Structures are given as structure tokens and as C-alpha cells.
Amino acid sequence: MQSSWSKRYSEQQTSDKLMVHHHIRSKMIEPQDCDDSDEHDEAVPLPTLPPMPRERVPLQKSNVCSRSYFMVVMVFFHVYIINVIALLLYVHYNNSPGDVLASPNRDEASGGSNHHKPPEFNQQQSDSGFQQDMYLPRLEGIRVGHVQKLSLVPGNVHEMRTLSLKPLLFEIPGFLSEEECRVVVQLAQLKGLMESQVMVPEGQEELTEQLNLSPEEIFNLLDLNQDGQLQLQEILTHSRVRDGIWLTPENLKEIYAGLKADPDGNGLLSLEEFRRLGSDAFQRFLQQRGVKSSQLVRNSRHTWLYQGQGAHQVLRDLKKRVARLTRLPSALVDLSEPLQVVRYEQGGHYHAHHDSGPVYPETACTHTRLAANTSTPFETSCRYITVLFYLNSVEGGGETAFPVADNRTYEEVSLIQNNVDLMDTRKNCDRSNLRVKPTKGTAVFWYNYLSDGQGWVGEQDEYSLHGGCVVTRGTKWVANNWINIDPDYQRQARYQQLVSQQGEEDEEEDEEEGEQPQSQPSPEQLQTADSHQEL
Ligand code: OGA
Ligand code: CA
Ligand code: FE2
């Protein structure tokens, strides 16, 4: 709302300026014409007399000149009035959407609390066409280094510092107490952690095979600069990850050498050389060579901790605090993924990735797939916000790196230059624009999506690219709280409706069976696969 208004306003202003400019020009020209006609109508003045005061002359006559003067004044007047009205409307709409749309929360907010009631989705409205009645508050970053005081826990004030605007990223020291960190780590250990990535997953059918593309077509797609040669970074930009294996420029050269793919050794593949390779040559080579866990996209273990009813108080408190921090309706936070606890051993890492996928019409969100009434060929996790907790202070390395935070531009190809891959967190964290040092109890949180300008989720924020740098000493414990929201408002609305209906039915059944009412969806229902979007 705000941006479309300001856009409209600035467009309006520009056209007004043009109009004014035009009239100023015509005004400047017209007196000249008037002078001509004046001189023509009047008796020829005596050359010796001082020139007549010009402005008095037109007033005495009703000719083209005075009429156009009148027009100019009137147009000026109207433009002025329109400008004033536009300004008033701009100020009005600039201030009000948050207040109007977020009105369900206003009472509580004015009562000094940030805790929001779950919003109501109006099913009738959403079924009969797009009618959005929910507004997602979004925190303001102001500028890098800006500090805001937060009241998240009674009797305790937290400071939240803006770390970057692209993505909108904040750091809150002491978000968790030492004791809370200890409990979360212990609960995770009790539950048991599993390998985050299995060594070499089943070879998946290549997407290009499914799409039935010819080698020429694939070559053309890969050849980003269209110079008829495939540079290393062109290959890596498209397929850094092969069956979960992270390719480096060095690996690729090794593969070329092993397969004799690049006889002249210049690191470039011509169409001919590319054709001779065959589509699964890289995979076969990698499989045969064997893979170490340090060569995978990530090298860590993790587990999931349910935070709903019946969960440990620390986990439930944490969830409530996250809702307060993000100012999002607790219904949305409740319906999100469980807490993911991650442990990196010395040597562990997680290469740069997006926690969430891009928004395409043919992509559905994992968390709302049950509510999607059309089937879509692709599925991705839709994590509007990532809240990352550091559960210990790491002895060496293990920073969270944001390679392109607040970069002027985002270009996928520029992520690899001169054989330096900015997404490689084992090698190039020191070149990242921003690194956050893991400190026990600190939380960082960021938005993986931009706003759509109307209070809902917009496009993916590509600048939210991040990864875990290699741990050089000790172990690293972190936890992720992801807040799932579908960029498709109606799908999210249907999903919430479905879950709340399910909750009601369960409650009825429970009452019949004389059990404890349970309105929360089960952890199995909530638990979604760790389907990070790897580039
Ligand atoms: C993640 C992640 C960063 C880190 O778990 O998705 O990006 O510093 N972690 O461990
Ligand atoms: Ca090329
Ligand atoms: Fe991540």
C-alpha cells in the first residue's frame, strides 16, 4: 500500500512538475507574443519617451494575451490544489495502513504489550476472490547499527541492533539465558541428532532429462555470457551442488582432467567438448571417487523439538518470545515448523543457501501443500522469517556469513569470480560482506522475503543468502525457529482454516473419549522436511 501510494504520488508529482514546467515555459513565451501584439495595436510610442511599464498594458485590454495569462494563473492554481490534495492523501495513507489493517492488535499494543491475538481469516472473503484482511507487521531496520529497545520478557529489556537492511537482519544479545541454552542443548541430545545430510543421496533424475532438452539447448542455457564457451563459473552457477556434493572450481578442473573433457586445459568447454561429456558424466565421476562429509553442502547433525502443548516450558517460552519479537500473530508462529537444533563438530560447515525458495506460480509451499487445491510441479519451504539462536560461544570459526548483505546488486554469476566462490563457507567466509560471531544466548533474525507492499509476503529476498562458516575449534550449537507463511495469501488462509477445523474435530473426538482436549496439530503434522533451497 505504502509503496504503491508513494509511487503513485511521485508519478503524480512528476507529471505535475511537467505541467508546471510547461506552463512556465508558455508563460515565458507569451509575454513576448503580447509585446508584439501590444506594439502592433497601440500608437507608435515616441522613441524619446521612457518605456511604458509593461505590466499595465495587458490589463487594459482583453486580448489573447490576458486570456492566456488568466489560463496560466488558473492552471497554476489547480496544480497547486491537486498537489496539496495528493500530499494530504499521501500522508494519510502512509500512516494508516498499519493501524487500520493491524487493528486487531492495536488494543494490546497500546496496553504496552507486543503480544498479538491470532488474526481471523475470513474464509468467505478469501473464497469469493482476493480480499486480504490480514496484515503482517514488519520491523523497521532504520539503518545499520540502529538499536531498538524491546520488552520481550517481564522485567527485562533487550537491545536489538540492525545488522543489515538487505536482508533486513537484526541481532539481539541475551535473547536466551544461559540456563535456557543449556536446556535446549540437553533436550536435543536426549532426543538424538541425525546427520543433516546423508553422504551420497540417491542419484536423482536430472531435471534437464525430465525436460527433454538437447545438449545444444542445455549448453545455451549454461552459457550465460553467450560467448560460445562454458567458463567454470557458468557451470558452477547452475550446478554447484550435484547430488548434495558441493563443487569447487578445483573439483571441476579435477573432473575435467579425469574425464579428459577439456583437452587444451584452458578451463573452458566448447559445445563439442560439452556434447562428448554426456549428461551424467560428472555424477558418475564423483560417485566413483568417493565423497567426504566436508565435501557436502553441509556437515552437521540436527534434530527437531516440538514447541506446542505439553512441550518443555523453555521451548514454549521461546516460541512466545519469538512471536513477541517478530510481532507476528501467535497463530502463525504456532503453525510453523518445530525448533531445529543443529550441532556442528570441529570442521563442520554449511555452505551459503537460502532458507526459503523463490516465489514462482508453479511452486507450492511445503507447509500448506495439504491446502493447495491445485497440484504444482515444485515444492519449497516458505520460511518468511529465520530466527537463529546461538546456544554456545564457539571457540574458533563457525560465524554465520551473509556474503551479499547490503551489496549494491545481487547477481548470481558474480558470486564466483576468479575462482573465488563467495558461497563456499569453508574457504571464503572472510570475503563475506557480513559475519555474525556465535555468542551464547544471542539471537539473530532476518526476513527471507520482501514485503509485497500490501502487508503480505512478497518476493524472495535474494540478499538473505547465508551459511555457517567452518568451525575451526570446538563445537557449535545453534537452533532455528522458522516462521512459515505462504506468499499466496489464499493458500495460507485455506491452510489455517483447515488446521483450525481439524483442531475442532479433534477436540470433539477427545471430549467423546474423555481425553485431554488438544487443539494443536501434532508434531508429525507440523514437521516438514528440512528442504532448504540449495543453489
Ligand atoms: C541453517 C543455517 C547458519 C549457522 O541452519 O539454516 O543457515 O550459522 N545456519 O549455523
Ligand atoms: Ca560462456
Ligand atoms: Fe540457513
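Visitor: Where is Arg327 found?
Guide: In the loop between α13 (313-326) and α14 (330-334). Helices (H or I, at least four residues) and strands (E, at least two) are DSSP runs, numbered from the N terminus. Before we go on: this is a predicted model, where local features need pLDDT of at least 70, side-chain atom pairs count only at pLDDT 80 or more, and totals for chains, interfaces and linings use all residues. Residues are numbered from 1 along each chain as its sequence is written, chains are lettered from A and ligands numbered from 1 in the order in which they are written, and side-chain values use heavy atoms, with hydrogens and water left out.

Visitor: What phi does Arg327 have?
Guide: A positive one, about 60°, although Arg327 is not a glycine. Most residues other than glycine have a negative phi, and most peptide bonds are trans.

Visitor: Which peptide bond is cis?
Guide: The one from Lys166 to Pro167, with omega near 0°. Pro167 lies in the loop between β2 (156-164) and β3 (169-172).

Visitor: New topic. Which residues are closest to ligand 1?
Guide: Tyr344, Thr400, His466, Lys476 and Asn480. Twelve residues surround the ligand; to count as near, a residue needs a heavy atom within 4 Å of it.

Visitor: What classes are in that shell?
Guide: Four nonpolar, six polar and two charged residues. Here Ala, Val, Leu, Ile, Met, Phe, Trp, Tyr, Cys and Pro count as nonpolar, Asp, Glu, Lys and Arg as charged, and the others, Gly among them, as polar.

Visitor: How far is the polar side-chain atom of His466 from an oxygen atom of ligand 1?
Guide: 2.9 Å. For Asn480, a polar side-chain atom also lies 2.9 Å from a ligand 1 oxygen. An N or O atom in the side chain of Asp355 is 3.4 Å from an oxygen of ligand 1. A polar contact is a pair of N or O atoms within 3.5 Å.

Visitor: How much of ligand 1 does the protein cover?
Guide: The protein covers 100% of the 290 Å² of accessible area that ligand 1 has on its own. Those areas come from the Shrake-Rupley method with a 1.4 Å probe.

Visitor: Which elements give two or more residues to the shell?
Guide: β12 (349-353), β24 (466-468) and β26 (476-484). The largest share, four residues, comes from β26.

Visitor: And what sheet is β26 in?
Guide: An open sheet of nine strands, in the order β1-β2-β3-β21-β15-β26-β11-β10-β4, with antiparallel pairing. Two strands pair if DSSP finds at least two bridges between them.

Visitor: What about β12 and β24? What order does their sheet have?
Guide: β9-β12-β24-β17-β20, an open sheet of five strands with antiparallel pairing. β9 (298-299) and β20 (434-436) are its edge strands. Strand β17 (residues 400-402) runs antiparallel to β24, joined by two bridges. Thr400 stands opposite Gly468.

Visitor: Last one. Which residue takes a positive phi in the hairpin of β22 and β23?
Guide: Gly453, near 85°. That hairpin has five residues between the strands. Two bridges join β22 (residues 449-451) and β23 (residues 457-460), and Tyr449 stands opposite Gln460.

Terms used. Polar contact = N/O pair within 3.5 Å; in protein donor to acceptor, adjacent residues only side chain to side chain.
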